[in-house]
Amino acid sequence: MKKLILLFLAGLLCPLAGMARPVEPSTVKEGNIITGHVIEKGTEENLAYATVLIVENGMGTVTGDDGHFRLKDVPAGKYTLKVQLMGYASQTKTVVVSNEYTVDLHFVMEKEDIMMDEVVVSANRNETNRRVAPVVVNVMNSKLFETVNSTDLAKSLSYQSGLRVENNCQNCGFPQVRINGLEGPYSQLLINSRPVMSALSGVYGLEQIPVSMIERVEVVRGGGSALFGANAVGGTINIITKDPINNSFQVNSTMSNLGGKTWEQYFGANASLVSKDRTYGVAFYQAYRNRNPYDADGDGFSELGKLNMNTFGLRGYYRPTQFSRLSIEYHTTNEFRRGGNKFDLQPHETDITEQTRHVINSGGLTYDIFMNEYKHKLSVYGSVQHTDRNSYYGAGMDANAYGTTDDLTAVGGAMYSGNFDRMLFAPATLTGGFEYQFNGLHDVMTGYGRDLKQYVRIAGAYLQNEWKMRYLTLLAGFRLDKHNLVDNVIFSPRVNLLWKPTDRLQGRLTWSTGFRAPQAYDEDLHVAAVGGEAMMIKLADGLKPERSNSFSGSVDWAFNLGHFSSNLLIEGFYTMLNDVFYLEETGFDETTGTKIQERRNGHGARVYGANIDYKIAHGKEAQLQLGFTVQQSRYTEALAWSSDPDVAPTKRMTRTPDCYGYFTFTSAPLKNFDFSVSGVYTGSMLVPHFAGYIEKDRMEKTPDFMDLNLKLNYTFVLNDHLKLQFNGGVNNIFNAFQKDLDKGADRDSKYFYGPTQPRTLFIGVKIFN
């Protein structure tokens, strides 16, 4: 009995002794481990599937059903641990990992109606919190895609202030995005921060990227060539593909009817698999889309062409050591599109047809190495995209209008990023690197004797430093690019200043630059080939790149209105364009009869205005987001747009309204039921209207229009890990589709504006965990 009493007393005293003096070696906890518990503030309920990430090295895990997490084999050192969960304010804690003991943390997460702490990379090529980024970065994610019933990138981008997506051709369905009024070629499209989308793939690229592959889209308005090189003049759109975070899957299907005449089917799926020790993971996505041609006015010619597309891709990672990560990605697209008339005949048997078949394969590798307790990082990367295209662009039963195009883009480089406790006058992050881009294009129309070969090579290097003080952040940097079609080295600097007196208020001032490199091929080549006229574009001797200087200032303020959370962003911008490109006819090639146009430098342009974004939310009960842009887009000298001497030139940029905006509203009045209303407003604008269906060229002033949408969702909870959702709704409720379309074979197919689709009814189903 005495022995039992002694053992009982020893059991009681051991924990107290452990608190009073160092733990004996025999009772030391296992080292190099971080454990923790994540709960909700107020209810203290366990939060499952929260993402736990070590900011410095990217190691991470997710919480289990009980809200607990465990990270093992973490090297000793000081780290920043970040916990994120959709609908909650993210939290970070500093943790010191030891070889001697386990670190245990406790996170109490507070609900956040408006997401403010997204991680972004487009501001400085490093992962940073959006709130402390030195430039304004707008983020679109899967929540927005669901709200607006988007299946591809083109249907999503209009839901950001300063951005507007338009369809520029009734035949081929060429979509482009304008940033702050500047047309598509002025925007740099990136995939995971890599410029792999060439001039060719950018023509239809917005529709060829399904939302099932996208984790988020980051938009930076204004010049971005200091970081990303050529074509980042109007802004940068960075598409971040899905990265494997946890074991999950989603399958969805939608059936749509356009204008009561045409059907479209969509099927999408994605899944992620991650190993228990987080050393490897892979995310897959797949999308299928099929749309029959849509004829709005019954003239036998399509307003929306036939479209059939299959895409598949994956993104994965492997950690060879705790200090390195190898990432791989692959994407493939097989697309057929055709517009015009007589779809049951071969293209050369029709009045007019634009037809393409694309097979696109792209991929990339990235190897990250961390050093000195993850304060320094070296990334080596390479990406490639190959496009094989067969096409027909012709009219009048022209058998010569068949063509083939082979396009290869490759990007390779290395980037260093280092965090320093002090550099000159403050803590700083230094980023530098070099990059080499190659694009080889071979475009052939044998019947017209056109054989265009274009090779673009750009070698670039960039350097920037970001000083971080208590209330101020100063970023300064530059990039040097040597383009094989430009004689001199192109210098692109930038300066950004962030004033952050509190976590809820930020002010930013930005000066950035951009350039657009000369090239012989872009979307105006295929448009001009229609109508039976083949065309060759040549570059003028001594052609200079277009250059831009962008200035902006913004205030970003988060505040509460009673029980409602709000955020207001006001941004003013001014962009100067110099040496603007334009095309001028110089004659015909007598041997082939091909029309020759020369790309030349014109004068300049000025674009200025303001973007306003506002968000207000009260939990899931009501969430409203809206944005509005007011701007002026003017050439410094009037530009001739028609060869008709009776048609006056214009200083106003065409197809660019002076005001446009969007809104989204979501609400979940019941536990399993939610709905959303969204809309895009476009003000009046000038649109060129060329002779054919009409007698003479003339400039048209369009009416303004509102594209309004409604979506309803009802979700059944099948079990703890499986949900079934049914949805349905209407896009373009009031059918604000263009009313003055040209008709017949002589129509001007580019005279096409307004919403990209007519009134559309849709129903869908989704299964997810």
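A nonpolar core is here a set of buried Ala, Val, Leu, Ile, Met, Phe, Trp, Tyr and Cys residues joined through side-chain atoms within 4.5 Å, where buried means under 20% relative accessible area, exposed over 50% and partly exposed in between, with a 1.4 Å probe and protein chains only. The structure is a predicted model, in which local features need pLDDT of at least 70 and side-chain atom pairs count only at pLDDT 80 or more, whereas totals for chains, interfaces and linings use all residues. Residues are numbered from 1 along each chain as its sequence is written, and side-chain values use heavy atoms, with hydrogens and water left out.

**Overall form**

- The protein contains five helices and 43 strands, helices (H or I, at least four residues) and strands (E, at least two) being DSSP runs numbered from the N terminus.
- The radius of gyration, taken over C-alpha atoms, is 28 Å, which agrees with the value near 27 Å that a compact globule of 769 residues would have; the globule rule is 2.2 Å times the number of residues to the power 0.38.
- Along its principal axes the C-alpha trace spans about 115 × 55 × 45 Å, and 55% of the 769 residues count as buried.
- Among contacts (heavy atoms within 4.5 Å) with a separation of 6 or more, 64% come from residues 24 or more positions apart.

**Nonpolar cores**

- The largest nonpolar core has 32 residues, of which Leu 153, Leu 157, Ile 214, Val 217 and Ile 237 touch the most other members.
- At least two residues of this core come from each of H2, E11, strand E12 (175-179), strand E13 (187-191), strand E14 (214-221), strand E15 (235-241) and strand E23 (402-423), and E14 gives the most, with three residues.
- When residues up to four places away in sequence are not counted, Leu 153 touches Leu 206, Ile 209, Val 211, Ile 214, Val 217 and Ile 239.
- A second, separate core is made of 23 residues, including Leu 47, Ala 50, Met 59 and Val 83.
- In soluble globular proteins, nonpolar side chains tend to be buried together.

**Strand pairing**

- Strand E16 (residues 248-258) runs antiparallel to strand E17 (residues 262-274) and is joined to it by eleven bridges, two strands being paired if DSSP finds at least two bridges between them; Gln 250 has Asn 270 in E17 as its bridge partner.
- Three residues lie between E16 and E17 in their hairpin, and Gly 259 in the turn has a positive phi of about 60 degrees.
- E16 also pairs with strand E43 (residues 760-768), in the antiparallel sense and over nine bridges, with Ile 763 in E43 as the bridge partner of Met 255.
- Strand E20 (residues 324-340) is mostly covered, since 13 of its 17 residues are buried.
- Strand E19 (residues 306-318) and E20 run antiparallel and are joined by 13 bridges, with Tyr 317 opposite Ser 327 in E20 and a hairpin of five residues joining E19 to E20.
- E20 is joined by 17 bridges to strand E21 (residues 352-371), with which it runs antiparallel, and Arg 338 has Gln 355 in E21 as its bridge partner.

**Salt bridges**

- Counting a salt bridge as a side-chain nitrogen of Lys or Arg within 4 Å of a carboxyl oxygen of Asp or Glu, the total comes to 33.
- Asp 556 and Arg 130 form a salt bridge whose closest N and O atoms are 4.0 Å apart; this pair links distant parts of the chain, 426 residues apart, with Asp 556 in strand E30 (residues 546-561) and Arg 130 in the loop between strand E9 (128-129) and strand E10 (138-141). Both Asp 556 and Arg 130 are buried.
- Arg 289 forms a salt bridge with Asp 152, with the closest N and O atoms 2.9 Å apart; Arg 289 lies in strand E18 (residues 280-291) and Asp 152 in the loop between helix H2 (142-147) and strand E11 (163-167), 137 residues apart. Arg 289 and Asp 152 are both buried.
- Glu 700 and Arg 698 meet in a salt bridge of 2.5 Å, N to O, where Glu 700 counts as buried at 15% relative accessibility and Arg 698 as partly exposed at 39%.
- Through salt bridges that share partners, Asp 152, Lys 155, Glu 207, Glu 264, Arg 289, Glu 335 and Arg 337 are joined into one network.

**Cysteines**

- With a disulfide taken as a pair of cysteine sulfur atoms within 2.5 Å, the count is zero.
- The closest cysteine sulfur to that of Cys 172 belongs to Cys 169 and lies 3.5 Å away, which is too far for a bond.
- Cys 172 counts as buried because its relative accessibility is 6%, whereas Cys 659, at 25%, counts as partly exposed.
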